[in-house]
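Please find below my comments on the model under review.

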Amino acid sequence: MTLTFTIDPAPGPGLHAEITGLWTAASNAGGAIGFVHRVTEEEVRAAGEKQFAGIAPAGPDRLLIARETATGRLAALLLMESMRFGPMDHWRLVSKVMVHPDLQGRGHGAALLAEAERTARTWGLDGLKLQVRGGLGLESFYARSGYTEVGRVPGAIRVAPGDDRDDVTMWLDLR
Ligand SMILES: CC(C)(COP(=O)(O)OP(=O)(O)OC[C@H]1O[C@@H](n2cnc3c(N)ncnc32)[C@H](O)[C@@H]1OP(=O)(O)O)[C@@H](O)C(=O)NCCC(=O)NCCS
């Protein structure tokens, strides 16, 4: 099954509803994408509204989506966020990396990261940064796509009382 990637898809209520559905499903399947507990679509919609407000053409962040080529179903997405600070404008923060739980483990996550890297290179960026929740093994997933760990704040993410996770910074150098 192949995916079709689109950067800066046309925004609108239909797309936002699709994203809310994917984000909710990926979160509730154990994803580390802004929540530490089971979420309702309503909670995700509220978080999504804030996020969408920063995405082009409304803001400087860029959205990369992947649809199943055959069906058009939204399969995966990530954000390439601007720091909104000139001295940091030569790189972007990759965030909200998610693949629909039904479609995980088939290489789509790696393909999504590869497309983000290709896009960043066409923009002439020097690097891509990630903030990763420790304790899920995600570091090795990103390492396979060329990211290296450059920092780690121990226990910075309190998932639950007595369950603190590291906040891991990873970097893909494009220079
Ligand atoms: C992380 C994620 C994007 C990977 O997408 P994917 O399509 O499953 O990735 P791929 O098929 O390209 O790669 C799968 C490999 O990544 C690793 N991997 C994927 N998700 C993982 C996870 N949550 N924890 C640890 N390793 C993971 C596995 O080792 C797997 O390797 P295997 O096939 O040898 O078992 C996807 O699991 C996801 O959407 N997770 C929920 C959201 C999330 O937590 N995002 C990370 C934000 S930092």
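1. In this predicted model, R165 lies in strand β7, which spans residues 163–173. R165 is classed as buried because 20 other C-beta atoms lie within 10 Å, and the threshold for that class is 20 or more.

2. Leaving aside residues up to four places away in sequence, R165 touches R133, G134, G135, I157 and V159. V39 stands 126 residues from R165 along the chain, and the C-alpha atoms of the two are separated by 19 Å.

3. Two kinds of backbone geometry call for comment. Most peptide bonds are trans, and most residues other than glycine have a negative phi.

4. The peptide bond from A56 to P57 is cis, and its omega is near 5°. P57 itself belongs to the loop between α2 (41–53) and β2 (62–68).

5. R84, although not a glycine, has a positive phi of about 55°. This residue sits in the loop that runs between β3 (74–81) and β4 (91–99). R84 has 11 other C-beta atoms within 10 Å and is therefore exposed, the limit for that class being 12 or fewer.

6. K96 is likewise a residue other than glycine with a positive phi, here near 50°. Its place is in strand β4. Is K96 buried or exposed? K96 counts as buried, because it has 20 C-beta neighbours inside 10 Å.

Terms used: Residues are numbered from 1 along each chain as its sequence is written. This is a predicted model: local features need pLDDT of at least 70, side-chain atom pairs count only at pLDDT 80 or more; totals for chains, interfaces and linings use all residues. Helices (H or I, at least four residues) and strands (E, at least two) are DSSP runs, numbered from the N terminus. Two residues are in contact if their C-beta atoms, placed from the backbone, lie within 7 Å.
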